[in-house]
Amino acid sequence: MNYVEKAVCLRRALHKIPELGWGEFCTTAKIIENLEPLGWKLYVGRQQISEEAVMGRSEEFVQKSIERALSEGVDKALIERMEGYTGCVAEFDTGRPGPVTALRFDIDCVGVEETDRKDHLPNLEGFRSQHEGAMHSCGHDGHTAVGLSVAQWIMDHKDELNGRIKLIFQPAEEGVRGGAAQAASGLLDDVNYLLGAHLAMMCKTGEVCIYPGGVLCTTKLDVRLKGKPAHPTMSPQLGRNALACACTIVSELLGMARHGNGLGCINVGLMQAGECRNVIPVHASIQLEVRGETAEINDFMVDQANRIVKGTALAYDVEYEVEKVGEAGELLNDPELADLVKEVSEKVPSCRKVIDHKKLGCSEDFTMLAARVRAVGGKTEFFVIGADRTAAHHQREFDFDEKGLETAFDIFTGCLRRLNGK
Ligand SMILES: [Zn+2]
């Protein structure tokens, strides 16, 4: 089996066991089981995650995910090694001087139920999701599979390479939660070059986009309010109404000022409040996100959101708490590294068109890893590898053309030859 066939096989195996962010225990086990026999040095659990920087992770969800992984036959010793934290960083030292190059692959899935349409390839070929309510409908199964195939290639060609190579298998990209925690582990602080890519997006099979545009900065916030209960007619003066406070916060948030320098958005996606009909409501919670074309605009939106919550909570005399549960920054590709990816792509047989700019309109926490690498003087590049899609990303009919795996494999290995070749 060649590398690309192996990537297709792995992709299908991973597609069967999709796991939501911070719950990727089966997936992480698969990664470890593939890499360890090849001789990769692995950083697992807290070795590759800084607990203080973890966002949007629920202990209850993690425990449930661990139980499921164990019930599906994942080795208990492996689960223990993960210490409750999914993802993995693999390192290979050629023993020769040379740059440190890191490749990043995200591993989590989306919370949608896979379609039962008969013409959907995973149904036709028998690799549909076996996890209810979870599906690889963003293509991260493809990313992980390419990463594992590239890992095999590196070991097969280790005598032709210099320096060190790191493979970053990142958990919890959806909701932009995992990147910051992996960056804060410090494992990227010696990286000279960081490359990452996304399959499909707005590009067709055979296309590669070097500077994806419209990648928005974003911050995800959870707001929790706590009022005081009271009888609504006997002693309403003793109550503090968290539900009314939440309603005011939501309408203020939706009407917040925009920035003149570019696009800024806010979405309030969930509001829950109250206990029962005849008690002044004590609890309320709000889930919101802001996005901005630049870090400056995003920060402006976050500041306003925080002020609105604080001021409104003061007005209603309720306690409040704002938790940051996800964050992604600006996508700033390094022109020199971007040129290199472009040159490599132009020579890849399955790539027929290299596009400089294309607008995506999403957010990516690759940016958190990239910011860390840039802070220590490294160069970073995030590109898109085209693959025809059957539906938009995050939809239940989503599937991508597996020919994209070949393009991805060829570009990553081509870049390694250029950056770390002898
Ligand atoms: Zn994605």
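Start by colouring the protein chain by domain: the assignment, which is automatic or taken from a database, gives domain 1 (3-214 + 331-420) and domain 2 (228-317). The C-alpha centres of domain 1 and domain 2 lie 36 Å apart.

A word on what is on screen: this is a predicted model, where local features need pLDDT of at least 70, side-chain atom pairs count only at pLDDT 80 or more, and totals for chains, interfaces and linings use all residues. Residues are numbered from 1 along each chain as its sequence is written, and side-chain values use heavy atoms, with hydrogens and water left out.

**The whole chain**

Switch to a cartoon view to find 12 helices and 12 strands in the protein chain. Both are DSSP runs numbered from the N terminus: helices are H or I with at least four residues, strands are E with at least two.

**The listed binding site**

Now select Cys138, His140, Glu174, His198 and His394, which UniProt lists as "binding site" in an unreviewed entry. Such annotations may be inferred rather than shown by experiment; positions follow the numbering used here, and feature names are shortened. These residues are spread over 257 residues of sequence, yet they cluster in space, with a largest C-alpha distance of 13.6 Å.

Zoom in on His140, in helix 6 (residues 140-156). Is His140 buried or exposed? His140 counts as buried because its relative accessibility is 0%; buried means under 20% relative accessible area, exposed over 50%, and partly exposed in between, using a 1.4 Å probe and protein chains only. Leaving aside neighbours within four places in sequence, His140 is in contact (heavy atoms within 4.5 Å) with Asp106, Ile107, Asp108, Glu173, Glu174 and His198.

Next, move to His394, in the loop between strand 12 (379-385) and helix 12 (403-420). With 34% relative accessibility, His394 counts as partly exposed. Beyond its neighbours within four places in sequence, His394 is in contact with Val110, Val112, Ser137, Cys138 and Glu174.

**The dimerisation segment**

Finally, select residues 222-314, listed by UniProt in an unreviewed entry as "domain: Peptidase M20 dimerisation". Over residues 222-314 the chain is 35% helix and 27% strand. Where do the ends of this stretch sit? Their C-alpha atoms are 18 Å apart.

Zoom out to finish: the C-alpha atoms of the protein chain fill a box of roughly 80 × 50 × 45 Å along the principal axes, and 56% of the 422 residues count as buried.
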